[in-house]
Amino acid sequence: MGFDLGHTISSLSKLALRTKRKNEKIEYEKKKKAASEIIDSVLNQFKDKESFLETLDKSGRDMISYMISHEDEEKTLKVLEIIEDVNKEDKLGNAYLTIACLEHKVKVIEKLLDMGANPNHKTNPLLKALGRRNKENPAILELFVKYGVNLKMNIQGNTLEEIIRSFEDDNLNKILDTAK
């Protein structure tokens, strides 16, 4: 009976893969526990938790939507680690990315885009941010360009780029000029 190098390598590869999956599961469980603790701490701010959760449910929002709107970015970033559908919408059709753009939360926007949020979502999240003057607008536009926003997208007869240029913001226009 001889030594079978191919079989040994195959066995070691399978063992390494199982170990990696086990470690990923342990890491996910840690993140999930940390996120649950953060969510619980936010819920504890409300005297009537059930009423608060019911109100969120009626609007089609969840705790993550609430946290994107109302909590600091660091807490929110930790909770984002456990979301299953990065493009989930509320009853008004707003995805998490749209909500983050309304609040100009650059770190949350970047995390959502990195997780696969659609920069070309039907609610035009980029315009939700840029439609209101804010010091974070150039950083937000840069992120959307980096993650593939379609500047030629038609929105009521104008391209997204034309609409952004109509804001007459030199910083935004410079970003658009380099995006070509």
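In the predicted model, a polar atom of the His 104 side chain lies 2.8 Å from the backbone oxygen of Ala 129. This pair is a polar contact, a term used for N or O atoms within 3.5 Å; within protein, one atom must be able to donate a hydrogen and the other to accept it, and residues adjacent in sequence count only if both atoms are side-chain atoms. His 104 is found in the loop between α5 (96-102) and α6. Helices are DSSP runs (H or I, at least four residues), numbered from the N terminus. With a relative accessibility of 8%, His 104 counts as buried, the class for values under 20% relative accessible area, against over 50% for exposed and partly exposed in between (1.4 Å probe, protein chains only). Apart from neighbours within four places in sequence, His 104 is in contact with Ala 129, Arg 132, Asn 134, Glu 136, Asn 137 and Ile 140, where contact means heavy atoms within 4.5 Å.

The model is predicted, and local features need pLDDT of at least 70, side-chain atom pairs count only at pLDDT 80 or more, and totals for chains, interfaces and linings use all residues. Residues are numbered from 1 along each chain as its sequence is written, and side-chain values use heavy atoms, with hydrogens and water left out.

His 121 is buried, at a relative accessible area of 6%. Its side chain makes a polar contact of 2.8 Å with the side chain of Thr 123. Not counting residues up to four places away in sequence, His 121 touches Glu 89, Gly 93, Ala 95 and Thr 98.

Asn 137, one of the residues in contact with His 104, also takes part in the packing of α8 on α10. Helix α8 (residues 137-146) and helix α10 (residues 170-178) pack at an angle of about 15°, their axes 9 Å apart; axes are lines fitted to C-alpha atoms, for helices over the stretch in contact, and angles run from 0 to 180 degrees between N-to-C directions. The two helices are therefore roughly parallel, the description for angles under 35 degrees, with over 145 being roughly antiparallel, 65 to 115 roughly perpendicular and the rest oblique. On the α8 side the contact is made by Asn 137, Pro 138, Leu 141, Glu 142 and Val 145, and on the α10 side by Asn 171, Leu 172, Ile 175 and Leu 176. These comprise six nonpolar, two polar and one charged residues.

Helix α3 (residues 63-70) packs against helix α4 (residues 73-80) at about 155°, with the axes 9 Å apart, which makes the pair roughly antiparallel. Ile 64, Met 67 and Ile 68 of α3 meet Lys 75, Thr 76, Val 79 and Leu 80 of α4. Seven of the eight residues of α3 are buried, so this helix is largely enclosed by the rest of the structure. The buried residues are Met 63, Ile 64, Ser 65, Tyr 66, Met 67, Ile 68 and Ser 69. The N-terminal end of α3 is capped by Asp 62, a side-chain oxygen of which lies 3.1 Å from the backbone nitrogen of Ile 64.

Lys 33 lies in helix α1 (residues 5-43) and counts as exposed, at 55% relative accessibility. The C-alpha atoms of Lys 33 and Val 79 are separated by 9.7 Å, although the residues are 46 apart along the chain.

Conventions. Nonpolar A, V, L, I, M, F, W, Y, C, P; charged D, E, K, R; others polar.
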